[in-house]
Amino acid sequence: MRIAVISDVHGNVPALDAVLADMARQQFDAVLCLGDHVSGPMDPAGAAERIMASGAVSIRGNHDRWVVDTSLRGAGAVDRLARETLNEAQLAWLSGLLPTTTLGDELFACHGTPTDDETPWLDNFYNGRSSVLPGEAEVAIHAAGIGAEVILCGHTHIARTLRLSDGRLLVNPGSVGMQLVRGTPDAHYAVIEKRQAGWQTALIGVPYDTEAAARMAEANGFPGWGEAIRYGWAGPDALG
Ligand SMILES: [Fe+2]
């Protein structure tokens, strides 16, 4: 079984198109999309249109909750902008997304952790322009009770894969549309594949027209996003 995992598109259509084009050259049995689909100042409706048409199994991120209900604590200007640009069908799709999903017995997917879409799991990206990697005990706490061999999460925008000592594989594919902390502007996604020896992971960075995406953000009144998209060194404050 071969699966593509995308996450945190954040309305960045130039980045999403580059990733979808890279995926189109390959065969997949399934595509998973782990949330924060539209919340960004580039092209939220275009991102929704593409993700809905892609056939991906999609779940809900914290920003998707905030786009659906902009009165919630945490919702910001970019969530309100996204909401204004979506049509009724796109908003209904976003409203109907579940926080987690499974693919058979082998795969479990969430946005942040299995119980909270705002908690970072495989790193702590809330430290400004650096991040801290947690130890195994801290990571394992959130995986308690999950029987799947592969556990997928997003939210932090930092691609990482690790194995717990019991053999379960954890994968964060990074972000398609907004790179934080690690200094790469490239659009990221992951390919996981079940081979004879077990599940293997490829974390992929795809170059794309960051200048076009940055200008879209700036034209919509979000200069901080423009800067972050060009260079990829931004802290999570850039998402505001
Ligand atoms: Fe998120």
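Start by selecting strand S5 and strand S6 (residues 150–152): three bridges join them, and they run parallel. Strands here are DSSP E runs of at least two residues, helices are H or I runs of at least four, and both are numbered from the N terminus; two strands pair if DSSP finds at least two bridges between them. You're looking at a predicted model, where local features need pLDDT of at least 70, side-chain atom pairs count only at pLDDT 80 or more, and totals for chains, interfaces and linings use all residues. Residues are numbered from 1 along each chain as its sequence is written, and side-chain values use heavy atoms, with hydrogens and water left out.

Now show the S5 side chains (residues 107–110). Leu-107 and Ala-109 point one way, Phe-108 and Cys-110 the other, and all are buried (under 20% relative accessible area with a 1.4 Å probe, protein chains only; exposed is over 50%, partly exposed in between). Across in S6, Ile-151 stands opposite Phe-108.

Pick Thr-101 and you'll find its bridge partner in S5, Ala-109. Three residues lie between the strands of this hairpin, where Gly-104 has a positive phi near 60°.

Then bring in helix H6 (residues 136–143): with S5 and S6 it makes a right-handed β-α-β unit. Right-handed means that, with the strands pointing away from you, the path from the first strand over the helix to the second runs clockwise.

Last stop: His-63, in helix H3 (residues 62–68). Is His-63 buried or exposed? His-63 counts as buried because its relative accessibility is 9%. Its side chain makes a polar contact with that of Ser-39 at 3.4 Å (a pair of N or O atoms within 3.5 Å; within protein, one must be able to donate a hydrogen and the other to accept it, and residues adjacent in sequence count only if both atoms are side-chain atoms).
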